[in-house]
Amino acid sequence: AQLDTLDLVVLAVLLLGTIAYFTKGTYWAVAKDPYGDSLAHTNGAAKKGKSRNIIEKLGESGKNCVVFYGSQTGTAEDYASRLAKEGHSRFGLQTMVADLEDYDYENLDTFPSDKVAFFVLATYGEGEPTDNAVDFYEFIHAEEPSFSGEGDGEKPLSNFKFVAFGLGNNTYEHYNSMVRNVNKAFEALGATRIGAAGEGDDGAGTMEEDFLAWKEPMWAALAESMGLEEREAVYEPVFDVVERPDMDPEEDQVYLGEPNKNHLEGTSKGPYNANNPYIAPIAESREIFTAKDRNCLHMEIDLSGSNLSYTTGDHVAVWPTNAGKEVDRFLNITGLAPKRHTVISVKGLDPTAKVPFPSPTTYDAAVRYHMEICAPVSRQFVSTIAQFAPNDEIKAEMTKIGNDKEYFHETVIERSLNIAQLLEIMSNGEPWSKVPFSLFIEGIHKIQPRYYSISSSSLVQKDKVSVTAVVESTHKPNAPHIVKGVTTNYLLALKQKQHGDPDPDPHGLNYALDGPRNKYDGIHVPVHVRHSNFKLPSDPSKPIIMVGPGTGVAPFRGFVQERAAQARAGEKVGKTVLFFGCRRRTEDFLYEKDWEQWKQDLGDSFELHTAFSREGPNKVYVQHKLQENAKEINELLQQKAYFYVCGDASNMAREVNSLLAKIIAEQRGLPESKGEDIVKAMRAANQYQEDVW
Ligand code: FAD
């Protein structure tokens with residue numbers, strides 16, 4: 001019989017699917033990741049084409065320990081690198097670091113018993129895995145994970161040894177649920193955990209100390225289990241940094257801050273994502289606080305032409321640039337300033353080491369665009385860098401700070417010092433020229449995009465996202481400096497430039513606003529969009545209750561804007577109740593005019609309850625307003641209203657959660673525990689949603 005066109009199409013699709021299945025990862029891993037692509041020039045692992053088989057990978061590279069990470073903001077990844085380095089330098093383990101998303105897990109049942117796998121797992125949002133851990137998590141939580149069946153143990157993972165550390169935040173209900181659930185799943189599958197399953201708590205601000213306290217007994221247990229001998233740790237660089245006096249920084253192949261090869265070649269193209277930002281024009285920017293001493297920015301970022309799309313409630317990620325002042329400080333104190341524009345090639349000395357930025361580049365570009373130089377310093381990094389101090393006296397003092405938790409807190413944390421500030425103070429300005437640049441690449445996080453809850457409605461402005469950002473500027477009593485937030489001050493400088501300030505320089509920070517090779521000229525900012533589950537009900541006639549003090553109101557501006565447009569279009573829109581709080585009506589009442597305008601469209605279905613904490617004799621917060629409106633809230637919930645909370649995760653969101661349980665219990669004459677159960681059930685049914693940070 002002859003094949004008709006449809007048959008041919010079906011066959012072709014089947015064939016492609018089959019090829020794709022059998023080559024999973026081998027051919028397309030590099031292509032799907034333009035950042036990985038750009039790194040292919042410098043990274044041995046990428047050059048060979050990636051295998052998704054971890055056992056094969058360990059065998060090929062002569063390793064006996066893999067440290068997997070599930071990371072969202074980079075901290076888990078950083079801890080994973082630190083564990084891998086320490087395992088090698090102290091115990092002679094042959095370690096590699098691995099992104100959970102880069103491997104398959106079907107063959108864990110044949111994982112050799114003389115090797116070990118570490119899992120450093122952040123818990124994200126409401127107990128969810130980080131984006132890169134989703135597949136792994138789903139695999140091991142399947143009712144019967146589909147292992148190869150070639151293992152020889154009683155249970156599938158009888159021979160599998162693992163170590164586990166979790167990064168969580170106790171202000172969230174599902175505290176450290178990733179590490180807890182993974183640990184449980186592994187144990188049920190017969191695996192053996194070595195040491196305790198560690199838990200770090202960001203909520204209590206003790207993450208780093210929890211990590212340091214956990215790892216010592218873990219190393220002891222691991223040394224015993226694998227028969228390892230501890231040795232004198234000597235620093236071994238992870239990266240080979242070669243200066244290239246033969247190259248001119250203006251040469252076409254030198255990265256001057258371009259995030260990947262597409263951008264370098266000047267043909268930046270989509271898809272734009274967490275590895276490939278879109279250089280977006282800022283269509284409009286304005287100050288929305290009336291207070292003199294604080295800033296809040298409203299920015300409209302134009303996505304048209306990028307193929308990026310969003311829906312109301314999503315997040316936009318802004319890729320920051322470090323302030324010139326801090327870049328200079330760093331390059332001066334490390335003695336690199338005179339050769340800041342020297343071209344360098346950076347390579348992993350081991351094929352499994354990933355260089356966190358594209359190369360060849362320059363010291364200036366690496367520090368300005370890729371390294372989180374302004375962040376707080378870790379105690380472990382202080383210990384490691386001590387050996388490269390300019391003299392023995394400074395070395396002794398740094399060692400002391402690194403070893404003594406309280407002293408570290410007093411001298412570094414309470415003074416809000418970043419690494420360059422610490423080095424400056426310790427050496428009295430004398431350059432730390434002996435520190436290998438590799439150590440900075442290893443010890444300083446890769447700069448992270450910052451997320452912002454989009455404050456516009458995709459129904460009203462499909463191609464333009466708005467951001468509502470408070471400019472971070474904090475001064476702790478014992479700190480010699482005011483700490484300026486990296487991204488928000490960069491955005492502030494962009495806003496000032498847009499408003500005609502010829503030399504925008506908020507607080508002398510001096511950002512390179514034109515970007516690498518002037519590619520961001522004309523008020524542009526690199527961004528990508530991240531989709532979220534924080535969503536309006538699909539049926540606009542459903543009532544909604546929103547609690548969003550401060551910048552927590554951002555997504556609700558989008559929500560109300562959307563419902564006002566639906567009302568204008570004649571749709572039936574349900575009750576739309578917003579609780580907003582700030583200091584004073586005259587200082588920081590965000591979007592006062594917008595609410596008035598949308599009230600015209602929504603009429604009585606829109607209710608705005610405001611709490612001004614510094615206007616009267618007593619502080620009034622959104623919590624008070626919720627209590628005052630308890631009856632109405634309960635009635636709306638009984639009509640299946642959706643309840644949304646956005647903003648401060650540490651106090652407000654938790655208090656609103658317990659207050660709502662209390663309100664429900666009181667109003668319905670139930671015991672408080674019942675109220676809590678109802679809120680839990682609402683969360684499970686997505687009727688209670690949080691967007692908190
Ligand atoms: P960073 O440089 O990241 O600094 C942040 C804070 O850390 C500073 O305030 C400072 O106190 C402290 N810090 C920094 N360095 C040091 C140091 N060396 N020592 C001691 N302390 C230090 N923000 C908004 O304004 N609006 C939003 O709509 C919004 N939505 C968000 C949505 C999500 C999902 C998430 C995760 C966050 C959201 N944020 C929002 C927060 C935002 O992402 C940023 O964290 C915030 O703007 C600060 O970024 P920054 O780079 O300016 O500050």
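Author: β8 pairs with strand β12 (residues 343-348) in the antiparallel sense, over five bridges. Strands are DSSP runs of E of at least two residues, and helices are runs of H or I of at least four, numbered from the N terminus. Two strands pair if DSSP finds at least two bridges between them.

Reader: What kind of model is it?

Author: This is a predicted model: local features need pLDDT of at least 70, side-chain atom pairs count only at pLDDT 80 or more, and totals for chains, interfaces and linings use all residues. Residues are numbered from 1 along each chain as its sequence is written, and side-chain values use heavy atoms, leaving out hydrogens and water.

Reader: Back to β12. What stands opposite valine 346?

Author: Valine 241 does.

Reader: And what is the strand order of the open sheet?

Author: β8-β12-β13, three strands with antiparallel pairing. β8 (239-243) and β13 (361-362) are the edges, each with a single partner strand, so one side of each has no neighbour in the sheet.

Reader: Which residues are joined by a cis peptide bond, with proline 360 in the pair?

Author: Serine 359 and proline 360, with omega about 0 degrees. Proline 360 sits in the loop between β12 and β13. Glycine 270 and proline 271 are also joined by a cis bond, omega about 0 degrees. Proline 271 is in the loop between α10 (261-264) and β9 (278-287). Most peptide bonds are trans.

Reader: New topic. At what angle do α14 and α16 pack?

Author: About 135 degrees, with the axes of α14 (residues 392-403) and α16 (residues 419-427) 10 Å apart. Axes are lines fitted to C-alpha atoms, for helices over the stretch in contact, and angles run from 0 to 180 degrees between N-to-C directions. That makes α14 oblique to α16. Under 35 degrees is roughly parallel, over 145 roughly antiparallel, 65 to 115 roughly perpendicular, and the rest oblique.

Reader: Which residues make the contact?

Author: From α14, Ile394, Glu397, Met398 and Ile401; from α16, Leu422, Leu423, Met426 and Ser427. Contact means heavy atoms within 4.5 Å.

Reader: Where is histidine 481?

Author: In the loop between β16 (473-474) and β17 (483-484). Leaving aside neighbours within four places in sequence, histidine 481 contacts Arg329, Leu417, Gln421, Thr474 and His475.

Reader: Where does asparagine 176 lie?

Author: In the loop between β5 (161-168) and α8 (177-188). Phi of asparagine 176 is near 50 degrees, a positive value in a residue other than glycine. Most residues other than glycine have a negative phi.
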